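Subject: Structure for your review

Dear colleague,

Please find below the structure that I am handing over to you.

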Amino acid sequence: MTTPPALKASLRLLMTLALATGLSACASMPHKTPPSSNPAPVPAETTTSIPETSTAQHADQLMADGHELEAARDYIHAAAEARGQTQLNYLMEAAQASLKGRKPQVAILLANEVLRLQHDNAELRGAALWIRAQGLMDQGQTPSAKGNLEELLTIASTPQDVRAQAMGTLATLYTQEGHELTALNFLIERDSLLSSNEVAENHRRIHALLDLQSSAKLQNWQGRSGNPLVQEWIAVALITRQDPDPQQRQAAISAWLAAHPGHPPINFSDDTATTTDTSALNSALGSICALLPSSGPYAPLSQAITAGMATAAQLQSGPAVRVLRTTGNPSYTAVLFERGVKEGCKVFVGPWLPQDINAVAAVRKPSDPPVIALGTAPGVQQPGLYTLSLSRDVAARQIAAQSYGAGYRRAYVLYPQDSSGAAIQADFIAVWKKLGGTVGGVATYLPGRSLADNARQLLSIPPGQRSFVFLITDAKNASAAVTSIRLINSTVPIFSPALLHGAALPGDAQRLSGIESVDMPWIISPGQSWPPAAPLLRTTLPKASDAQWRMAAFGLDAYRMAERVLDKDMTGSLNGTTGILHFAADNQIMRDMEWMEVENGQIVPLPGVPKPGT
């Protein structure tokens, strides 16, 4: 049987389109193409064997050598030379190679052709749907990708690993759309498709999704879901909130299961020790344990820190992260610490709050695992207890030290009338005066109001050449503050701590030109440091606030510093997502942030603090 003329014409057109979209661009430039950030699994092999032509064999070799786009081109040529099922198989090989070579538009074209021609082979259709879904995702066409993934799940022959990945992706998409209960169903249903190593990560995603919901919403879900496993997960989430003590919680879970005998038993691989298998906790050697507050305003921030730590563990293939949630009671924090020691924690990240740091320090023995506290407690210092402060006053002190070292001698301070602004300016002035600097003026402002009078008050004594304004503001008030200062003095340098801590500049960032800041570049541009971390975190924290995103970055760095503590490696520095970190005297973990300038609405990295007069 020969290839029909219409199909030959279709293949010629397909080849022309594929070449036009980029497959020929690298034909004369052999190179190693980086792997896709979201690689598609190899499609299931069909039962039809492929008689290898010389062109196909050459394509196979190109794939083996990492030249995916050149291989895709040859597979298309091989398809033009073949017929029947073999032809379609070569088109699928070309689609797979195009996707791996980061040409999703070509992969979609090829998958479309397979779907147009193939109606009987369910395995081949499923593989084409999966390729097309991945290509659409890479191009940001998530609604279309969602439809392909849902159709893929209706095909009985879809391989288990592909089905599991499709469900995980659909859970992410539905979460982003605000349909969290549908996402929860997908996550729980995929549990039975995963290997034992993957189940724990899936459970972490389930817990993260449940933790974002209010108790009232969870109770409403429990009445709406007909899936007994979903009902059970929701029940455990509600019990966890009511019973913070792990032992009491376990008793309540057992009582609930006894009262609902129709529910199939599941093994909760929960980081908070909500598990029916305590031996699994005791055998988790090398665990990095997060000891963080789970109530009040700190709860969403703690969630972001642990998400960052879990993401780092995944990317580093390092020790698992176990979360021990404190309740605001320092005595219970001490109990959790001691329990974590018994259950195999090898290093703790946290506590965070001063009262919890004091409580842990009081019960910690010299032989106990090391601790990386995320805050400070006056007078607490002991071997093995390190401090990595998350407070924004770190940036204030850094500006004071570095600007004095650069030759500045007079500072003008403008800060908002709130407790946070007052604390930051107090830290700055304390360090500035200790170094020998003078304060030319101090003024406060009410956020959202005109700052013209405040700026005039602040700069009533004209700044000299070795002067600067220390401005404390957020993105919402930044433009108004800078504009008010510039109307009075167009040349005085403006330094600001943590000005740009959000994911984007304010809308009128053109008016911020000339302002300098120390902060975390990764927060502004997540691709700048550790690029794979950002998309993984966005899956875990799809609706993260600016503050949560900042804390997630700290979680990434805290995990890697914990690994160094485990390895007893206190030398050198870590190029982290929040700055360059290194161990210093008195067990302090110092964070050297980068200086940056806003220029025409864009962030420009600086090698250091600008010198006076430059």
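Of the 614 residues of the protein, 53% count as buried, where buried means under 20% relative accessible area, exposed over 50%, and partly exposed in between (1.4 Å probe, protein chains only). Please note that this is a predicted model, in which local features need pLDDT of at least 70 and side-chain atom pairs count only at pLDDT 80 or more, while totals for chains, interfaces and linings use all residues. Residues are numbered from 1 along each chain as its sequence is written, and side-chain values use heavy atoms, with hydrogens and water left out.

The secondary structure comes to 24 helices and 15 strands; helices (H or I, at least four residues) and strands (E, at least two) are DSSP runs, numbered from the N terminus. Among contacts (heavy atoms within 4.5 Å) between residues at least 6 apart in sequence, 66% join residues at least 24 apart.

Confidence is given as pLDDT, the predictor's confidence in each residue, from 0 to 100. The mean pLDDT of the protein is 79, and 83% of the residues reach 70 or more. Strand 4 (residues 371–373) has the highest confidence, at a mean of 97, and helix 14 (residues 278–282) the lowest, at 31. The pLDDT is below 50 over residues 16–50, a stretch that has 70 contacts in the model beyond near neighbours in sequence. It also stays under 50 over residues 269–286, for which the model has 41 contacts beyond four places in sequence.

A search of the whole structure finds one disulfide, defined as a pair of cysteine sulfur atoms within 2.5 Å. This disulfide joins Cys289 to Cys345, with an S to S distance of 1.9 Å. The pair links distant parts of the chain, 56 residues apart: Cys289 is in strand 1 (residues 287–293) and Cys345 in strand 3 (residues 345–349). The link is left-handed, with -85° about the S-S bond, and both Cys289 and Cys345 are buried.

Beyond strand 3, the loop between that strand and helix 17 (354–363) holds Pro351. The peptide bond from Gly350 to Pro351 is cis, with omega near 15°.

Helix 7 (residues 142–153) has 12 residues and reaches 16 Å from its first C-alpha to its last, close to the 16 Å expected at 1.5 Å a residue; the expected span is 1.5 Å times one less than the number of residues. Its buried residues are Ala145, Lys146, Asn148, Leu149, Leu152 and Leu153. Seen down the axis of helix 7, these buried residues fall within an arc of 165°, so they line one face of the helix; the arc is that of the directions from the helix axis to the C-beta atoms.

Strand 6 (residues 410–416) is mostly covered, with six of its seven residues buried. Strand 6 pairs with strand 7 (residues 438–445) in the parallel sense over seven bridges, where pairing requires that DSSP finds at least two bridges between two strands. In this pairing, Ala411 stands opposite Val439 in strand 7.

Two residues other than glycine have a positive phi. Lys568, with phi near 55°, is in the loop between helix 24 (546–566) and strand 11 (573–575), and is exposed, with a relative accessible area of 70%. Asp586, with phi of about 60°, lies in the loop between strand 12 (580–583) and strand 13 (589–592).

Yours sincerely
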